[in-house]
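This report describes the sheet and the helix packing of one model. The sequence and structure are shown first.

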Amino acid sequence: SPPSGQGVPQTAGDPMDPTSASTTVLPALRAGLDMLAAGVLLVDRHRVILYANEQAERLLARGDGLFCHHDRLLAIEPDEDDAIGHLLAGLPIASTLEVSRGRGMTISRATGVFPYSLMAYPFRQGPEGRWMLFVTDPMREDAGLCESLSALYGLSDVESAVAAAISNGRDLRQIAVDRGSSVETVRTLLRRVFDKTGARRQIDLVRLISSGPGLLIAPSPCP
């Protein structure tokens, strides 16, 4: 633990000052936000997008439920677009930079798959309010999940692929068909995954992945 009286600094300095620590910290923070599985957006009271991480940019580019028009965040469904406006307007903004309690809603999609989940958290920046939005896609497949599982638990490529498939809702028979192997082979691989991760049941494995490596995106796909 840090020595008494020391801790994480509350500010990185003035981002406009080239000698400030923020010139180093802010690019690193942006890179970290780009690793998140959730889309992260910062918007003002008019829903003008002030920042979007890479996942949010990809999500908006698909135009499936949410999109960007003239730099504003909009929902395809008019009722849901109005609901986003009401959601943001109804969130109390703290008198300081402290983030207030958030609220959420779901966003339906034209493709008919599971809706997005949108959580909004307001905070004050200067005289105005800002809203941090987190958008998650339950249908998203983690391109780099296998890499994370291998690094964390020492899983082989095949073991990490089976674990990732379980976390995405595939059963043993489906995984066997996908990989061109027998169900017994997949069951043996899953037992090895359990041994290495400490999980005892498939639901334990799903919980383990969704609360840790499933939150991040890594560059390489599962084998």
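How many bridges join strand β6 to strand β7? The two strands, residues 116–125 and residues 128–136, run antiparallel and are joined by 9 bridges. Within this pairing, phenylalanine 123 has arginine 130 of β7 as its bridge partner.

The model is predicted, with local features needing pLDDT of at least 70 and side-chain atom pairs pLDDT 80 or more, while totals for chains, interfaces and linings use all residues. Residues are numbered from 1 along each chain as its sequence is written, and side-chain values use heavy atoms, without hydrogens and water. Helices (H or I, at least four residues) and strands (E, at least two) are DSSP runs, numbered from the N terminus.

An open sheet is formed by 5 strands in the order β2-β1-β7-β6-β5, with antiparallel pairing (two strands pair if DSSP finds at least two bridges between them). At its edges are β2 (49–52) and β5 (103–107), each pairing on one side only. On average, neighbouring strands are turned by 25° against each other, direction ignored.

Angles run from 0 to 180 degrees between N-to-C directions, and axes are lines fitted to C-alpha atoms, for helices over the stretch in contact.

| Helix | Lies across | Angle |
|---|---|---|
| α2 (residues 54–62) | β1 (39–43), β2, β6 and β7 | about 90° to β1 |
| α3 (residues 78–89) | β1, β5, β6 and β7 | about 170° to β5 |

Helix α5 (residues 157–167) packs against helix α8 (residues 202–210) at about 95°, with axes 9 Å apart. The two are therefore roughly perpendicular (65 to 115 degrees). Ala163, Ile166 and Ser167 of α5 make the contact with Gln202, Leu205, Val206 and Ile209 of α8.

Technical notes:
Angles under 35 degrees count as roughly parallel, over 145 as roughly antiparallel, 65 to 115 as roughly perpendicular and the rest as oblique. Contact means heavy atoms within 4.5 Å.
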